[in-house]
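Please work through the exercises below with the sequence and the model open side by side. Each task is followed by a solution that goes step by step.

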Amino acid sequence: MISENNSTGEIPDTGISGLYEVVLATDDLAYALKYFAEFGFRKIAESSLTADRAKSIYGYHSGMQSVRLQNGSVDSHGLLRLIRWEKPLNKGLQFSKPRTIGQRISVMMTEDIFRLHDIYSQAQSDKIWKSTAPVSDDLFGINDGENDFFKRPIIVRENAVYGSFFNHIFFQRYGYAIGGYGTLNQDSNLKTSEFTHHDFFIQGVSLDQMSYLSEALGLIPEEDPVIDDYSKKGPREVFLLTKGEGHWYQGFVSPNNICGKLKFFIPTSPTEDKSEFQQIGSMGVTIHTFFTNKLQYVHELLKNQNISTELLQNNEYGEQSFIFTGPGGCHWQIIEKQAVNHKPKTTLELSYTKN
């Protein structure tokens with residue numbers, strides 16, 4: 001994934017975090033605050049901008065309210081920012097089929113995936129929800145031979161919930177744990193964690209276009225791009241694939257945090273492109289953020305990649321930051337932050353449990 005434009009061939013030390021925030025634009029802040037409180041998200045800051053200031057920072061001319069939410073004590077990654085534009089650009093993707101270009105999905109761990117599946121399957125409201133059946137998989141290739149009652153399977157079970165308001169993937173672990181990758185909030189009604197990773201369906205012919213994530217942001221590609229298709233149980237069920245459908249996939253992770261990963265998908269078969277409804281100012285998830293203690297350095301690296309960036313200026317929370325749009329149509333805000341309270345794990349360590 002390192003391109004020929006990187007003369008050293010090394011991933012730069014940018015100090016970049018795991019993905020810090022999902023930024024969701026909504027026309028009903030009260031509902032959004034109530035909804036995410038069920039998962040353990042609480043308000044930690046709020047602010048507003050005039051239309052002129054919003055235009056200067058975000059490139060969209062509309063007044064806006066902004067609320068930052070955090071799940072439990074985890075402030076290093078997995079936060080949520082809610083925005084209410086006074087004059088939204090459009091209604092966003094709303095309820096769209098899986099694999100739609102422009103689709104954004106946020107992932108969190110849960111203590112009881114079947115309970116969540118039942119809740120969404122029976123939810124009756126003005127919001128549209130489509131909950132896929134929970135499916136199990138051996139992500140790490142741990143199980144060898146046949147399992148029985150005493151030699152129980154070590155697996156993860158996951159499902160997706162596609163909505164008109166927000167898209168989720170939930171996962172539950174059986175037989176193992178990974179410290180620092182998902183912290184269950186036992187004080188929340190639904191016993192879920194912060195956001196652990198994030199899915200992006202993008203337009204493109206190759207995942208090489210995402211090389212700026214390594215060369216300018218300092219993220220590490222987990223592996224070479226691979227194809228997920230109908231033959232693989234997990235992707236088939238979670239993304240509701242039919243025969244002949246699939247996508248190229250590649251993940252990226254910060255060297256400074258095993259959590260807050262990003263996963264990018266390019267469909268290999270025709271699918272609807274709604275990226276015009278994923279622009280800043282649209283409803284829905286339109287921006288994701290990182291923080292770093294080397295903001296000017298990251299800004300320069302992006303310019304060296306010929307990626308157009310906005311000027312460094314304070315965002316609505318008084319944080320030095322800048323906005324840019326990368327190849328593939330993803331919108332990012334990079335924030336200057338020197339330290340956080342929650343110490344993230346930088347090494348993935350799997351331990352076995354007895355459940």
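## Exercise 1: The surroundings of N167

Not counting residues up to four places away in sequence, N167 touches Q103, R104, I105, S106, V161 and Y162. The model is a predicted one, and every value in these exercises is computed from it.

Task: Locate N167 in the chain, decide whether N167 is buried or exposed, and find the polar contacts of its side chain.

Solution. Begin with the position: N167 is found in the loop between β8 (155-163) and β9 (168-174). Next, consider accessibility: the relative accessibility of N167 is 8%, and because buried means under 20%, N167 counts as buried. Then turn to the side chain, which is joined to the side chain of Q103 by a polar contact of 2.8 Å, while a polar atom of the N167 side chain also lies 3.1 Å from the backbone nitrogen of G163.

## Exercise 2: Strand β11 and its partners

Task: Which strands pair with β11, and in which sense, parallel or antiparallel, does each pairing run?

Solution. Take strand β5 (residues 104-110) to start with: it pairs with β11 in the antiparallel sense, over 6 bridges, and within this part of the model I105 stands opposite D199 of β11. Continue with strand β15 (residues 257-267), which runs parallel to β11 and is joined to it by 5 bridges; here F200 has F264 in β15 as its bridge partner. Finally, look at the burial of the strand itself: 10 of the 10 residues of β11 (residues 192-201) are buried, so the strand is largely enclosed by the rest of the structure.

Task: Describe the residue K191, naming its loop and its backbone angle phi.

Solution. K191 is found in the loop between β10 (176-178) and β11, and its phi is positive, at about 50°, although K191 is not a glycine. With a relative accessibility of 24%, K191 counts as partly exposed.

## Exercise 3: Aromatic rings

Task: How many aromatic pairs does the structure hold, and how are the rings of F200 and W332 arranged?

Solution. The structure holds 30 aromatic pairs. In the pair formed by F200 and W332, the ring centres are 5.5 Å apart and the planes make an angle of 45°, an arrangement that is tilted. This pair links distant parts of the chain, since F200 belongs to strand β11 and W332 to strand β19, 132 residues apart. Both F200 and W332 are buried. Elsewhere, ring pairs link a cluster whose members include Y31, Y35, F36, F39, W129 and F195.

Task: Which charged residues sit over the rings of Y317 and Y230?

Solution. For Y317, the residue is R68, whose charged end sits over the ring at 4.5 Å from its centre. For Y230, the residue is R236, which lies over the face of the ring at 5.2 Å from the ring centre.

## Exercise 4: The two sides of helix α1

Task: Which residues of helix α1 are buried, and which exposed residues does the face turned away from them carry?

Solution. The buried residues of α1 (residues 29-37) are L29, A32, Y35 and F36. They cover an arc of only 130° around the axis, which puts them on the same side of α1. The face turned away from this buried side carries the exposed residues A30 and K34.

## Exercise 5: H342 and G18

Solution. H342 lies in the loop between β19 (331-336) and β20 (350-352), and at 18% relative accessibility H342 counts as buried. G18, found in the segment before β1 (21-25), is buried with a relative accessible area of 1%.

Definitions and conventions: Residues are numbered from 1 along each chain as its sequence is written. This is a predicted model: local features need pLDDT of at least 70, side-chain atom pairs count only at pLDDT 80 or more; totals for chains, interfaces and linings use all residues. Side-chain values use heavy atoms; hydrogens and water are left out. Helices (H or I, at least four residues) and strands (E, at least two) are DSSP runs, numbered from the N terminus. Buried means under 20% relative accessible area, exposed over 50%, partly exposed in between (1.4 Å probe, protein chains only). Two strands pair if DSSP finds at least two bridges between them. The arc is that of the directions from the helix axis to the C-beta atoms. Rings of Phe, Tyr and Trp (its six-membered ring) pair if their centres lie within 6.5 Å; planes under 30 degrees apart count as stacked, over 60 as edge-to-face and the rest as tilted. A charge sits over a ring if NZ of Lys or CZ of Arg is within 6 Å of the ring centre and within 35 degrees of the ring normal. A polar contact is a pair of N or O atoms within 3.5 Å; within protein, one must be able to donate a hydrogen and the other to accept it, and residues adjacent in sequence count only if both atoms are side-chain atoms. Contact means heavy atoms within 4.5 Å.
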